[in-house]
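Subject: Structure handover

Hello,

Please find the structure below. My notes on what was found in it follow.

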Amino acid sequence: MSLAIETANLTKRYGRLTAVDKLSLNVSANTIHGFLGPNGAGKTTTIKVLVGLLKPDEGEARIFGEEVSGDKADVKLKIGYMPELPKFPKHLKGSELLDIYGRMYGLSEQQRRDELPKLFDSVGLKGRENDLIGKYSKGMQQRLGIAQALLSEPELVILDEPSLGLDPVGMVEVRELIKGVVKAGMTVFLSSHLLFEVQQVCSHVTIINRGVALVSDTIENVSHKIKGPATLQIEVTKLTKTLVENLRKLPFVTDVKTEDNKLNISLGTQDDVRSQVSETITGSGGTIVSMNLTGQSLEDVFMQLIGKAGEEGGQ
Amino acid sequence: MTKRTRASWRTNFLAVVRYELLWNIRKKKILGVLILAFALATLTLALPVVLNNLNNLKTEPNPDYVITTGTGIGSFGFFLFALVSVMNSISGEFESGSIVPLLTKPISRTTIYLGKIFAALLTMLGAYTLLIIYLAAGGYIIYGPQNNLDLLFITLLGSIVSTLVWMSIVLAAGSVSKSSMLAALLGIGVWLGLNITSGILSAFSNQAAIMTYAPGNGASGTLGTSPPTNQTNLITMESVSTGTDGIATNLITYVLHPSDNVTFSKIEILGPREGIRRVALYSEPLSMVVARSIAVAAVYIFVFNFIAWYALKRAQVAE
């Protein structure tokens, strides 16, 4: 599979602070790749190097095999970039801005005339395209940011916190829009602090902290790579001693805690054992009201990795 | 997904010009200065008529009124137009963050810079053309048929060059500092400093010639071959500013009187009873004064635009 983004030993410093530290990152083409990390992890700095807004101090970055440096218009032509909380000239109307950007991307007048209304519609700005951007709300500017990133149907879309500033409905719409983008054959590199967003939208993820990539793989593999106790939280209609004892006998169960009719079962495996647990409860005369598996989500992995990196950094 | 091909340089350039022009025509600062300029032009036209009427004097026809009035806004007007048109052209984009989406488009920073400065020039061209037409029409109505109206394009071009000098200085300050406020303050400081310095140096020092190499008004001289010898002459003789702000006026004078000389003099204070007198320093052909002011303007335009362009070209956007 060809690579859309490739960095090798990428380093960027601001004075004494190393924002990105020897980052090696591979993003395969035609995937939605999440870029996760806490505030100040180096996500935006990495993205700004990729789009040519910052120059790396060491290492290199490539987009579809071409080195990113200086004013390379050919590389920029392949990228649609939406900055974090994008700002646009307030004196322009939304339609004027996209028309001007469209010209810069080489769109013909006919293409601009045909595609701009569709784009405004798809990001939920239909009817507001002839308003001055200065009158747009933060959420509307965010939508305009997505529209201008998708304007040229680029091969690579880089979205820096696309849901920031959007209302819950807008967030769902943006997520659906991102999913639709990949169907059209684009690669999406999505930086987000919203773990559930990455989990819902992305197929791959890179977790970064203090400028260092902690892990990079498919979301499933990342979850499996991290060994940690998964927990099953179960509510039953009636809790009996036999039921608890039978559960404790299961080879993968390391501990069972009870509270009223609720069970908290610690598992020593990463395999999905819910059916076996369910059979044991039913076989012991119990009836399950609810069952919830925790400890294997991306959020848990993320928290674990960041915590581990923090401890190592502190030592 | 459509495979895109790069837009031509011309398309990109015109896209930036459009981007910038739409901003300029909606800038309240520019509209404000334009209204002020028209108010000043109206005052220039109407005030003599009003004063004559108050004194029961007849306003005499003056066929040279329009050609000697220029744009009617003078040195301060050039500076003010330059300031409001470019003080946030580059720095404002950095301050607001709108530079980020612009710099990530497939267009070179050089094209962005050239497009922005060209748009500012077009704005100036439009504003000055309107002013000159307004003054020409007003002058014709008030002072009768006018001579040498065909030379008004020199007024236009000269005024644009004079303004471009200030634009380049303000642009460079904005591009380097990334702050509109600093660009404005620095521009105002330079303009005020040079105006005060040139006035003092021209009047009292033997070193007036040095001011001909500074932007702005430059050294003050008088047209003719000998200096005025007393205060009466001082008032009646035609004064010439030799700096970059005087290009339009001096060019017109040169076209009309190509063999004129400019005499530079200084004021000597003789004593409480004797008063003051003018002492001639040196004379030089008007053609020399005009050529030098154009050359000086060209150097400033090139140097400060280079600084502004280089700062934009090398700028990193961390914020």
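Where is the place of B:Asn305? B:Asn305 sits in helix 12 of chain B, where helices (H or I, at least four residues) are DSSP runs numbered from the N terminus.

This is a predicted model, in which local features need pLDDT of at least 70, side-chain atom pairs count only at pLDDT 80 or more, and totals for chains, interfaces and linings use all residues. Residues are numbered from 1 along each chain as its sequence is written, and chains are lettered from A and ligands numbered from 1 in the order in which they are written.

Surroundings of B:Asn305

B:Asn305 is buried because 20 other C-beta atoms lie within 10 Å (buried: 20 or more other C-beta atoms within 10 Å of its own; exposed: 12 or fewer; partly exposed: in between; C-beta atoms are placed from the backbone). Not counting residues up to four places away in sequence, B:Asn305 touches B:Ile117, B:Ser168 and B:Leu171; contact means C-beta atoms, placed from the backbone, within 7 Å. B:Ser175 is 130 residues apart from B:Asn305 along the chain, with 9.7 Å between the C-alpha atoms.

Helix 7 and helix 12 of chain B

The axes of helix 7 (residues 109-143) and helix 12 (residues 286-314) of chain B come within 9 Å and cross at roughly 135°. Axes are lines fitted to C-alpha atoms over the stretch in contact, and angles run from 0 to 180 degrees between N-to-C directions. The angle makes helix 7 of chain B oblique to helix 12 of chain B (under 35 degrees is roughly parallel, over 145 roughly antiparallel, 65 to 115 roughly perpendicular, the rest oblique). B:Arg109, B:Thr110, B:Tyr113 and B:Ile117 in helix 7 of chain B meet B:Asn305, B:Trp309, B:Leu312 and B:Lys313 in helix 12 of chain B. The residues of this contact divide into 4 nonpolar, 2 polar and 2 charged (nonpolar: Ala, Val, Leu, Ile, Met, Phe, Trp, Tyr, Cys and Pro; charged: Asp, Glu, Lys and Arg; polar: the others, Gly among them).

Nonpolar core

The largest nonpolar core has 150 residues, of which A:Ala147, A:Ile158, A:Leu190 and B:Val170 touch the most other members. A core is a set of buried Ala, Val, Leu, Ile, Met, Phe, Trp, Tyr and Cys residues joined through C-beta atoms within 7 Å. Helix 8 (residues 152-177) of chain B gives the most to this core, 13 residues.

Chain contact

Chain A gives 34 residues to the contact and chain B gives 29.

Regards

Terms used:
Helix = DSSP H or I, 4+ residues; strand = E, 2+ residues; numbered from the N terminus. Contact = placed C-beta atoms within 7 Å.
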